[in-house]
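Student: Before we discuss the terms used for this model, may I see the sequence and the structure?

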Amino acid sequence: MIRIRSPHEGLITALAIGGFFIILGSVFALTPGISQKTNAFFSDLTTVTYPLGSSSTVHLPAPANPAEHIGFYTAVVNFLLGVGILQIVILALRLWVKSPIRRIAETVGNLVFWLGVAVMANVFLLTGTLSGWFQFWSALIVLIGASLIARFFVYLARKGINGALHE
């Protein structure tokens, strides 16, 4: 089977890649002292003992002083919001050019993931607590699942629309 690729798909991919770098560059350009904040954050990472159940513990990486990195977390939230907004633009373009359903489903999943992570980072990381740090990572795992489920629902909706058209 020969696949004919629309020239629009290549342009949308170029927009996605270019937009990602513009967002990354903008966060670095518009966040005062971001290099120092980034270095301070990674220098502060250590191993923390985290309780696992009632009688055991596990050693996980975490910042020793989470409250000292609010500026870094804010830059991360801004980056995540930027990528989430970029996903909205990409989804609109994919719907406009009638992209294949797998591309639309992928973009919907990405949208759920990036905006969800932005919300979770805002809710948990900006608390500046160790428990917020671990709650963020737990929420990230949940968001991966939610992203996959969102993709599934796009396929399911498409199948439902096609099934209704054939009746």
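Tutor: Let us begin with a pair of helices: α1 and α3 cross in a right-handed sense. The model is a predicted one, in which local features need pLDDT of at least 70, side-chain atom pairs count only at pLDDT 80 or more, and totals for chains, interfaces and linings use all residues. Residues are numbered from 1 along each chain as its sequence is written, and side-chain values use heavy atoms, with hydrogens and water left out.

Student: Why is the crossing of α1 and α3 called right-handed?

Tutor: A crossing is right-handed if the near helix is turned clockwise from the far one by less than a right angle, and left-handed if anticlockwise. The crossing of α1 and α3 is assigned to the right-handed class.

Student: What makes α1 roughly antiparallel to α3?

Tutor: Helix α1 (residues 7-30) packs against α3 at an angle of about 165°, the axes being 10 Å apart. Angles under 35 degrees count as roughly parallel, over 145 as roughly antiparallel, 65 to 115 as roughly perpendicular and the rest as oblique. Therefore α1 is roughly antiparallel to α3.

Student: How is the contact of α1 with α3 divided by residue class?

Tutor: Its residues comprise 14 nonpolar, four polar and two charged. Ala, Val, Leu, Ile, Met, Phe, Trp, Tyr, Cys and Pro count as nonpolar, Asp, Glu, Lys and Arg as charged, and the others, Gly among them, as polar.

Student: Why is α3 called roughly antiparallel to α4?

Tutor: The axes of α3 (residues 70-96) and α4 (residues 101-124) come within 8 Å and cross at roughly 160°. This angle makes α3 roughly antiparallel to α4. Here α3 passes α4 in a left-handed crossing.

Student: Why is S147 called buried?

Tutor: Buried means under 20% relative accessible area, exposed over 50%, and partly exposed in between (1.4 Å probe, protein chains only). S147 has a relative accessible area of 7%, so S147 is buried. This residue lies in helix α5 (residues 130-165).

Student: What makes N65 partly exposed?

Tutor: The relative accessibility of N65 is 34%, and therefore N65 counts as partly exposed. N65 is placed in the loop between β2 (56-63) and α3.

Student: How do you know that the buried residues of α2 line one face of the helix?

Tutor: In helix α2 (residues 34-44), the buried residues are I34, T38, F41 and D44. Viewed down the axis of α2, they fall within an arc of 135°, so they line one face. The face turned away from the buried side of α2 carries the exposed residues Q36, N39 and S43.

Conventions. Helix = DSSP H or I, 4+ residues; strand = E, 2+ residues; numbered from the N terminus. Axes fitted to C-alpha atoms, helices over the stretch in contact; angles between N-to-C directions. Arc of directions from axis to C-beta.
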